[in-house]
Amino acid sequence: DKDTAMNTITYFEIQSSNPQRDAHFYQSLFGWHFEKVEGLAIEYYRIETEGIHGGLLQRPVATPPTGYGTNAFTCTIEVKNFDETASKILSLGGKVAMEKFAIPNRCWQGYFLDLDNNVFGICEIDENAK
């Protein structure tokens, strides 16, 4: 039924001061597919994932400073192995924003900064997380 999809996240956007660099970061990390959209006033890439779709766009203003909290929705990506993904994030130049922690009986969660200091989360489902 049409109303089933209401009030769910169906699209996300990532702002970046260097879209080509950050498209490579997320493609290398999660295998997302990026397609540049031509003819727009800003640099914009469509993002295809195995779940919802999104966009990566040229940041229209200065990059916000770190250490002030997040002024946006923060998306979390479910991964098969938290520690392997965290290691890959760091090897690609990302940084830890909040160390791995347990959401008891649900998952392992943590937050990272991408190359443009955007916050994103990863989680590994684990009913035994404590």
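A nonpolar core is a set of buried Ala, Val, Leu, Ile, Met, Phe, Trp, Tyr and Cys residues joined through side-chain atoms within 4.5 Å; buried means under 20% relative accessible area, exposed over 50%, and partly exposed in between (1.4 Å probe, protein chains only). The model described here is predicted, so local features need pLDDT of at least 70 and side-chain atom pairs count only at pLDDT 80 or more, whereas totals for chains, interfaces and linings use all residues. Residues are numbered from 1 along each chain as its sequence is written, and side-chain values use heavy atoms, with hydrogens and water left out.

**Core**

The largest nonpolar core has 20 residues, and those with the most contacts inside it are Tyr26, Phe30, Trp32, Phe34, Phe120 and Ile122. At least two residues each come from strand S1 (11–16), H1, strand S3 (44–48), helix H2 (82–91) and S8; H1 gives the most, with 5 residues. Helices (H or I, at least four residues) and strands (E, at least two) are DSSP runs, numbered from the N terminus. Beyond its neighbours within four places in sequence, phenylalanine 30 is in contact (heavy atoms within 4.5 Å) with Ile77, Val79, Thr85, Phe120 and Ile122.

**Sheet**

Two strands pair if DSSP finds at least two bridges between them. S5 and strand S8 (residues 119–125) run parallel and are joined by 3 bridges, and isoleucine 77 stands opposite isoleucine 122 in S8.

**Salt bridges**

The whole structure holds 5 salt bridges, each a side-chain nitrogen of Lys or Arg within 4 Å of a carboxyl oxygen of Asp or Glu. Three of them are tabulated below.

| Pair | N to O distance |
|---|---|
| Arginine 21 – aspartate 22 | 2.9 Å |
| Arginine 21 – aspartate 116 | 3.1 Å |
| Arginine 46 – glutamate 35 | 3.8 Å |

Arginine 21 lies in helix H1 and aspartate 116 in the loop between strand S7 (107–113) and S8, so their pair ties together parts 95 residues apart in sequence. Arginine 21 is partly exposed at 29% relative accessibility, whereas aspartate 22 is buried at 0% and aspartate 116 is buried at 5%. A network of salt bridges links Arg21, Asp22, Arg59 and Asp116.
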